[in-house]
Every structure is written in C-alpha cells, then in structure tokens.
Amino acid sequence: MGLNVAQKLIKEHLISGTMEPGEEIGLKIDQTLTQDATGTMVMLELEAMGLDYAKTEASAQYVDHNLIQEDSKNPDDHLFLESAAKRFGLYYSRPGNGVSHPVHMQRLAKPGKTLLGSDSHTCANGCMGMLAMGAGGIDVAMAIAGEPIYITMPEVFGVKLTGELPDWVSAKDIILELLRRYNVKGGVGKIIEYYGPGVENLSAMDRHVIANMGAELGATTSVFPSDEEVRGFLKKQRREDDWREVKADSDATYDLEDEINLSELIPLIAKPSSPGNVVPVEEVTGTPIYQSYIGSSANPGFRDFAVAAEIVKDRTIAPGISFDINPTSRQMLTNLVKEMHIASLLGAGARMHQAGCNGCIGMGQAPASGKNSLRTTPRNFPGRSGTKEDSVFLCSPEVAAASALKGEITDPRTLKFPYPEVQELKNQNRNDDLLEHPLPPEDAKQVELIKGPNIVSIPEMDELPDTLELPILLKVGDNISTDEILAGGARVLPYRSNLPEISKFTFENVDSTYVERGIKSKELGGHMIVGGYNYGQGSSREHAALAPRYLGLRAVLVKDYARIHWQNLVNFGVLPLQFTNEEDYDELTEGEVLSFKDVRRNIQEDNTLSATLQNSNKEITVQHKLTKRQKEIILSGGLINWIKDRK
C-alpha cells in the first residue's frame with residue numbers, strides 16, 4: 001500500500017514508536033523557528049540547559065511580535081535575542097523583516113524537512129511539502145539541542161480539492177469552508193493533507209494561507225505536496241536547489257476523507273468570536289464596520305495585498321473607516337512598492353504599518369470599543385485584538401477591501417467592476433543580508449548574552465507531591481483559549497521574559513481575582529482549574545501554562561485539551577487530568593476541594609486517579625493520558641527538572 005505525503009514525511013524522520021494512530025512517536029527535527037514573544041524564554045531555557053551550539057540543520061530567531069518600542073523592554077529583549085542567536089548558532093531576523101512564517105518560507109523552508117516552531121502557526125510551512133508543527137517553547141529548545149519531538153501519531157485527514165476558484169473567492173475561503181464544516185475541534189488528532197487536481201490551481205502562497213489556519217481546526221499540522229508550483233516559488237527566491245518532489249503515491253489512502261470543489265465556493269466570513277463561526281458573507285452584508293485590516297500570517301502574500309490595492313485603486317474608502325495595511329515581510333513590501341500597489345492603497349486612504357504581526361496579536365491597531373473590526377487574521381478569540389470587548393470578523397482580502405470602500409460588510413461579488421487579475425512577480429526583490437547568518441561555532445562561544453533589566457531567570461519548581469488537596473480556584477466552559485488564559489498585546493507581551501510580572505495578567509478577562517487567590521493558594525499547596533472541551537485552544541505560548549504554574553496551579557481537570565497546551569502543562573509539571581465521567585463536571589463548583597492520595601504511585605501504575613470531594617465526601621474517578629516519559633516529567637515537576645535529573 002502506498003504512502004501519502006504526511007506518512008512519507010513521518011517515516012523519514014521516525015526515531016521511535018510506530019505509525020499507528022494514537023501511538024506515541026518520536027521525530028527528528030531538521031529546522032526550528034522561534035519568535036520574540038516565545039523566543040526569549042527559549043533562549044533562557046537553552047542557557048539553563050548549557051547548550052553549546054544548535055544541533056539542527058537550521059534554526060531561526062525572528063522578531064515579529066513585540067515591535068512597539070514604547071519603553072526599553074522590547075528593544076532590550078531584541079538585543080538579547082540577537083546575542084542569543086549569535087551565541088547558540090541561529091539565524092536572526094531583525095525587527096521589520098517580517099512575520100516568521102512567510103519569511104521562513106521565503107528564505108529557509110525546504111521540502112521534505114521537519115520544522116518545529118514555538119508558534120502555533122508554524123504549520124503554515126506545510127505549504128512547502130514540510131512537516132511543520134507548532135509546539136511549546138521548551139519543546140523547541142529541546143529540538144535545537146538535538147532532541148526529538150514526541151507527539152501522538154495523528155490520523156491523516158485527506159481533503160481532495162477539485163475545480164478552480166471563481167472570481168472574488170480566494171484561498172482564505174477554502175480554509176473558512178473547512179472551519180464551517182468542522183469547527184475548531186475538527187482537526188484535533190489529525191494531519192490535514194490536501195491533494196487532487198485543484199491543488200495545481202493554487203499558488204504556494206495560497207497554500208500557505210490554507211495551511212496556516214489548520215491551527216484553527218486544532219490540527220497537528222497541514223501538508224501539501226511539493227510539486228512544480230513549489231519548485232517555481234523556490235526558483236523565484238533563487239533557491240531552486242533546495243527543491244525536491246514530495247508527492248503521495250498513486251495508491252495512497254487516508255484515515256478520513258472529504259472533498260471541496262473550489263468552483264462552488266463563495267465568499268465566507270467568521271463572525272465573532274470564533275474562527276469556527278463561519279457563514280456566507282451575504283448573510284451579514286450591511287453590518288457596519290469601524291476597521292478593515294489586511295495582513296498577518298494568514299494572508300501574507302504579494303497577491304493578498306495587490307488584489308486589495310487593485311480593488312481600491314483610484315477610489316476612496318468610506319468615511320470613518322480605519323483601513324489598516326500590515327505588511328508581512330520586507331521582501332513582499334518592497335515588491336508592492338515597486339509595482340505601485342502601496343501608492344494605490346495609500347491613495348485610497350489606507351494606514352500603513354511596519355512589517356510584522358502587529359494587530360493580529362493585539363500589538364497595535366486595536367479596534368474602537370463597541371465597533372466591528374473586519375480582519376484577514378487567523379483568530380478572533382475574545383479580546384485578542386487588544387480591545388477587551390472586541391467584535392472581530394475574519395475574511396479574505398477581497399471582502400476586506402470591498403467592505404472598506406462601502407463602510408459595511410460587503411459581498412465583493414456585488415461591486416460594479418470586474419475582478420482584478422493580479423500576477424505574481426517573476427523577479428522578487430531580495431536581500432539575504434537582512435537575515436543574519438549563524439556564527440561559526442568557535443566564534444559563537446565568545447559571544448556574551450546581553451540581558452536587560454526585564455529579563456528574569458525561570459524560578460525553580462518543585463516535584464509533584466504524593467498528596468494533593470486542591471481547591472478549585474476557577475471553573476470555565478468550552479473552548480477557553482490561551483489568549484483568555486494569558487493575553488497577548490502591547491500591555492502583556494513585553495514581560496514575556498519576566499515570569500513574575502507577566503503572571504499578573506493571568507485569566508484577567510475571565511476572573512480578575514484569580515491572580516491574588518492563586519498567590520495565596522501557593523502557601524497551602526496550590527490549586528486546580530476545571531474546564532470543558534478544547535481547553536487551551538489557540539496560541540502555542542507556553543506562558544499560558546507557566547504563569548498559572550507560577551501562581552500555584554498543580555492540576556487541570558477538563559473534558560479534553562488542545563494539543564499544544566496539554567503538552568505545555570506537562571512540560572511545566574501541571575498534572576493534565578480529564579473526566580472519566582463527563583457528567584462529574586456539573587458536580588464541581590469553585591471552592592470545592594479535591595483530595596488526591598498516593599498520587600505518585602497511582603500515576604506510575606495506572607492511568608486513573610481517585611479524587612475525594614471534601615464538601616460532600618463523594619469520590620470521582622479521573623484519568624490522564626501520559627506516556628511513560630511524560631509521567632517521569634510530571635513527577636519531576638517539569639521538563640527542566642527532568643533534564644537536570646538525566647545529567
């Protein structure tokens with residue numbers, strides 16, 4: 001029986017385990033990616049491990065999230081990251097070079113390779129025929145040090161694409177269609193693999209758009225074949241020698257299958273406040289907007305901006321509209337300037353921002369309170385935009401541009417002019433020197449790390465006690481995101497290398513009393529959190545596990561978890577438990593105390609634990625899904641302790 005693309009990539013990098021869905025497998029990692037919101041902690045972890053030099057084929061540190069320099073915190077951390085990249089043998093992408101995912105695609109991505117990134121949208125590089133996955137920062141630190149990544153072998157979900165996109169419909173509508181069908185949990189435990197004749201009608205950057213938002217389905221990653229289109233993309237980047245063909249065998253099969261006829265798609269939009277809340281644009285036309293935003297890793301290509309520029313060219317946006325243009329790479333921006341598309345956007349009334357993540361992560365461009373924001377970004381979780389009570393819709397560049405002209409959500413098919421045709425440039429502007437190359441090992445050893453006053457080392461954490469008496473400090477519902485656990489944005493992210501400070505923002509929009517109560521619980525042995533389905537969806541930021549742990553979190557009990565957050569909890573010694581009987585969720589209330597005895601022995605010997613509710617003396621059974629290796633990590637109090645114990 002033949003292999004599909006995902007199976008081929010896994011087989012080539014398999015170090016341990018078997019390729020049976022549900023089994024733990026270890027994979028060799030060829031490349032890593034870190035960005036500044038997570039990378040500072042990764043560099044501190046590499047320092048704590050005593051790493052001499054990166055063991056990967058290529059590792060890159062990007063500065064794309066924390067670009068606002070309202071005080072010294074961000075620029076100080078940029079200097080730290082630059083010095084750490086030199087010290088540990090990493091590429092370094094300076095502020096203004098652009099968002100990590102498209103820049104990595106342009107400069108370093110190679111078909112057939114594995115890529116692990118401390119950003120959940122690392123999966124975007126699956127567009128290049130790579131196995132590209134997001135993970136917590138400490139997992140990426142381990143990969144840089146030459147260790148494999150351990151994951152549960154996913155099912156492979158084959159999505160056959162046929163037909164060709166009609167006018168006014170683009171790649172964003174393809175992934176929104178999948179989210180419409182399957183919602184934010186539809187990809188959990190799966191790799192989504194795209195195949196079929198429709199793939200040939202999608203550019204490499206179109207595929208990036210689709211693979212990027214596989215994260216919103218909860219997928220382990222998404223993959224496309226590496227074909228002549230990928231070869232052509234690399235040729236334009238003058239990297240054709242990095243191309244290799246990676247295609248599914250003719251008799252390949254999939255664990256699950258679906259089909260999308262591109263010719264039948266219409267413009268779609270995700271309503272607030274979930275990427276899975278998808279409806280046809282025509283259902284919400286006429287809804288007034290305050291902001292229309294184009295950019296982010298979810299629509300980062302030349303075409304995404306150029307088509308918007310052509311739509312608004314020689315026209316003027318509606319009064320009162322903030323039309324925000326967020327370029328995604330310096331290379332792409334210079335190409336847009338060369339082709340006069342930036343002039344068209346500015347002439348129509350657009351606001352131009354620097355190349356980076358910006359408003360996607362709440363770093364500027366926050367919408368006005370009580371007003372609707374229309375965005376090409378990948379996420380619209382509550383408060384992610386930087387405005388606490390935001391109302392964010394997700395859409396394609398075509399919808400965003402058409403709506404900016406009208407001042408309300410607009411189906412672009414209703415515009416009174418033909419769909420503009422935009423051709424990809426044959427000759428790309430490029431400057432390799434803007435991506436600083438790693439120093440040779442001997443030179444790297446001489447580099448001193450530059451640490452500003454905002455950088456604080458990770459405090460030591462104790463091992464898991466044998467007896468736990470944990471009050472429920474917080475009970476939450478389904479689909480709690482890492483943005484709700486620990487927000488991003490300009491207020492919070494500058495403290496990403498200062499755990500005591502960043503922890504003060506934990507759960508602030510869910511329960512403003514959590515931080516104070518958490519600190520008090522530490523003196524009494526800690527606390528636990530109870531939740532519903534898909535706990536920890538969204539960003540890979542490990543601070544969403546690390547900050548609650550710092551505040552005394554010892555266990556989380558939920559119906560199920562988002563993959564990366566579950567692993568992050570393990571990495572920092574927080575016991576990730578699940579209900580054996582989901583009806584017990586209704587029995588638990590904030591303030592109830594759960595008692596666990598013989599915890600260490602029970603974890604080692606079984607996958608279930610008994611918990612006694614002190615108020616009612618009722619006993620419930622809970623379970624965990626830890627592997628033998630993960631049990632050792634939890635018992636040690638986290639991955640850092642486990643590494644130290646092995647030395």
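Guide: The account below starts with the sheet and then moves to side chains and backbone. The model is predicted.

The open sheet is built from six strands, and their order is E7-E6-E3-E4-E5-E20. Its pairing is mixed. At the edges stand strand E7 (131-134) and strand E20 (435-436). Each of these two has a single partner strand, so one side of each is left without a neighbour in the sheet. Further in, strand E4 (residues 58-62) pairs with strand E5 (residues 91-93) in the parallel sense, over three bridges. Within this part of the sheet, Gln 61 stands opposite Tyr 92 in E5.

Helix H2 (residues 36-49) lies across strand E3 (31-35) and E4, and runs at about 110° to E3. Helix H4 (residues 100-107) lies across E3, E4, E5, strand E6 (114-117) and E20. The angle of H4 to E3 is about 145°.

Next come the aromatic side chains. A pair of aromatic rings is described by the distance of the centres and the angle of the planes. With centres within 6.5 Å taken as the limit, the count comes to nine aromatic pairs. One of the pairs is Phe 157 with Tyr 182, which is edge-to-face, at 5.4 Å centre to centre and 85° between the planes. Phe 157 belongs to strand E9 (residues 155-162) and Tyr 182 to helix H6 (residues 171-182), so the pair ties together parts that are 25 residues apart in sequence. Phe 157 is buried, at 4% relative accessibility, whereas Tyr 182 is partly exposed, at 30%. Elsewhere, Trp 168, Phe 417 and Tyr 419 form one aromatic cluster.

Two lysines are placed over tyrosine rings. The charged end of Lys 475 sits over the ring of Tyr 585, 4.2 Å from its centre. Lys 522 lies over the face of Tyr 550, and here the distance to the ring centre is 4.3 Å.

The largest nonpolar core here has 104 residues, of which Tyr 535, Leu 594 and Phe 596 touch the most other members. Apart from residues up to four places away in sequence, Leu 594 touches residues including Leu 468, Leu 470, Ile 472, Met 528, Leu 557 and Ile 620. Glu 469 and Thr 612 are also among the residues that Leu 594 touches. A second, separate core has 41 residues, including Ile 269, Ile 294, Ala 348 and Ala 404.

Ser 373 is a polar residue to check separately, in strand E18 (residues 372-375). Ser 373 is buried, with 0% relative accessibility. Beyond its neighbours within four places in sequence, Ser 373 is in contact with Gln 291, Pro 367, Ser 391, Val 392 and Phe 393.

Pro 272 and Ser 273 are joined by a cis peptide bond, with omega of about -5°. Ser 273 is in the loop between strand E13 (268-270) and strand E14 (278-280). Arg 238 is not a glycine, yet has a positive phi of about 60°. Arg 238 is found in the loop between helix H8 (228-236) and strand E12 (256-261), and is exposed at 55% relative accessible area. Asn 617, also not a glycine, has a positive phi of about 60°. Asn 617 is in the loop between strand E26 (608-613) and strand E27 (618-623), and its 63% relative accessibility counts as exposed.

Technical notes: Residues are numbered from 1 along each chain as its sequence is written. This is a predicted model: local features need pLDDT of at least 70, side-chain atom pairs count only at pLDDT 80 or more; totals for chains, interfaces and linings use all residues. Side-chain values use heavy atoms; hydrogens and water are left out. Rings of Phe, Tyr and Trp (its six-membered ring) pair if their centres lie within 6.5 Å; planes under 30 degrees apart count as stacked, over 60 as edge-to-face and the rest as tilted. Helices (H or I, at least four residues) and strands (E, at least two) are DSSP runs, numbered from the N terminus. Buried means under 20% relative accessible area, exposed over 50%, partly exposed in between (1.4 Å probe, protein chains only). A charge sits over a ring if NZ of Lys or CZ of Arg is within 6 Å of the ring centre and within 35 degrees of the ring normal. A nonpolar core is a set of buried Ala, Val, Leu, Ile, Met, Phe, Trp, Tyr and Cys residues joined through side-chain atoms within 4.5 Å. Contact means heavy atoms within 4.5 Å. Two strands pair if DSSP finds at least two bridges between them. Axes are lines fitted to C-alpha atoms, for helices over the stretch in contact, and angles run from 0 to 180 degrees between N-to-C directions.
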